[in-house]
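Please look at the sequence and the structure first.

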Amino acid sequence: MRINSILIIISLLAEYFVMLYYCNSTLEYKKSKAKSICTVTLGYLLYCVACLFENTFINICGFVIINFFIIYHGYNIKARGAAIKVIICTALMMFSELLAGLLIHTELNNDFATAISIVESIIFAFVSKLLYITSMIIFKHISGRKEQNYKAKEMIYLIILPISTCLFLTLFNKISGSLDVKLEVLFIVFSVLLIISNFIAYIVCERIIDNNIQIHKLKQLEYKKSINERSYQLIQEKYAELKILVHDFEKYCNYIDGKIAGGQEDVHAITKKLRDKNKEFLIVEYTDNKALNILLSQKIKECNSKNIDFQICAPNTDLSFIEESDVIAIFGNLIDNAVESCMISKEKKIFLQIHTMNDKFLVINLENSSDNAPTVKNGRLKTFKHDKNKHGIGLMSVEQALNNYNGHLQWEYKAEKHIFVTTILIILKGID
């Protein structure tokens, strides 16, 4: 009886840590990380009480109810999604115990997992939980956040140790009957240490994989930043050359006008056409930020070529405190996303407004046509682009740039008007 109680505690602890790790790594916290952890802890304390009855039916019902309570109340997920996850977790738990029973030839009854001997009882508990952990690793890979999904090679590294441990314990169960008491105790201690090493190895291995993912993500952001900076340099060089051409063309037109005699209207028409053409290459001074003026002038020209109505309203707005590279990251990515949305929408309109509010906040408001509602996964917008490995990091680049200015980004989709609205609020310096 005492051994069964110890095994119940060990099993519950294993289930608790597996569920806690799964939820924290695949779901968004409902309010805060601390409150979500408290919800999981409270749920499993209640589940522990249910397990004291040592009845299979009560245990299964308790597992389902408690885990639904944990996932739905502790994390940001709809009731239907929480129910589906609980059903899958319950199925994985039952399958793990069934497979463990088949491996060590144990018959399950209404007790926890009664076996012929104490050794078999211990091995059954260890094997079933290891199989449960392995199946949850695979389930986490399938249902987790996109950026946390692992490659097949990395998945093998994560599951090879628990599977090997299960095989070892199964073989040990077959020879345990021929061992004396001392050797049995020694093997049991070794098995416990092996189980602990599984948890440690899994945590370390996954941390390494997650770190590699974060490093890859940072490299993508740096690559995006370098492209933005290179684009700005090319734009700046191009417009510097165009300004020289515009200046020279104006001199030529003035010279021609001065030499032409009255009545030669056809030549005057040519000079007028040259002046009108040169105006297309002028940089419009929307703000006092040179980089933004260059960028907006280029985007206006791009939108005109794609029949997109791009309107800008930025009266007397001071943006001089924003670094040029951050200007490109913030406005370049937002406008690119807006253009992309307009290209697959019936109406093609973009409206950018930049203004200060009460001399305390800088407000950037971008509205664009969008026939389709945005797709959201785990609180983040998904890209419409086909190559999601190279794209889809535009908003991440925007948020990274905003961090330098205590800026906050939020978005809203107005379904009745088919408009996607992005709003950025930046607290101006000197404001507490």
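**Strands, helices and cysteines**

Q: How many bridges join β1 to strand β2?
A: In this predicted model, strand β1 covers residues 309-313, and strand β2 covers residues 349-357. The two strands run parallel. The number of bridges that join β1 to β2 is five.

Q: What is the handedness of the β-α-β unit that β1, helix α10 and β2 make?
A: Helix α10 spans residues 324-343 and forms this unit together with β1 and β2. The unit is left-handed.

Q: Which strands stand at the edges of the open sheet?
A: Five strands form this sheet, with mixed pairing, in the order β1-β2-β3-β7-β6. Two of them each have a single partner strand, so one side of each is left without a neighbour in the sheet. These edge strands are β1 and β6.

Q: In β7, which residue is the bridge partner of Q410?
A: Strand β6 comprises residues 407-414, and strand β7 comprises residues 419-427. The two pair in the antiparallel sense over eight bridges. In β7, the partner of Q410 is T423.

Q: Which helix lies across β6 and β7?
A: Helix α9 (residues 290-305) lies across β1 and β2, at about 155° to β1. Across β6 and β7 there is also a helix, running at about 145° to β6. That helix is α11.

Q: How far apart are the axes of α10 and helix α11 where they pack?
A: Helix α11 covers residues 394-402, and the two helices pack at an angle of about 150°. The contact includes I330 and L334 of α10, and L395 and V398 of α11. Helix α10 passes α11 in a left-handed crossing. The axes are 8 Å apart.

Q: How many disulfides does the count come to?
A: A disulfide is a covalent bond between the sulfur atoms of two cysteines, and here the sulfur atoms must lie within 2.5 Å to be counted as such a pair. By this rule, the number of disulfides is zero. C89 is in none, as the nearest cysteine sulfur, that of C23, is at a distance of 7.4 Å.

Q: Is C313 buried or partly exposed?
A: A residue counts as buried under 20% relative accessible area. C89 has 1% relative accessibility and is therefore buried. C313 lies on the uncovered face of β1, with D309 and Q311. At 28% relative accessibility, C313 is partly exposed.

Key: Residues numbered from 1 in each chain as written. Predicted model: local features only at pLDDT ≥ 70, side-chain atom pairs only at ≥ 80, totals over all residues. Heavy atoms only, no water. Buried < 20%, exposed > 50% of the residue type's maximum accessible area, 1.4 Å probe, protein only. Helix = DSSP H or I, 4+ residues; strand = E, 2+ residues; numbered from the N terminus. Pairing = 2+ DSSP bridges. Right-handed = clockwise from strand over helix to strand, strands pointing away. Axes fitted to C-alpha atoms, helices over the stretch in contact; angles between N-to-C directions. Left-handed = near helix turned anticlockwise from the far one by under 90°. Contact = heavy atoms within 4.5 Å.
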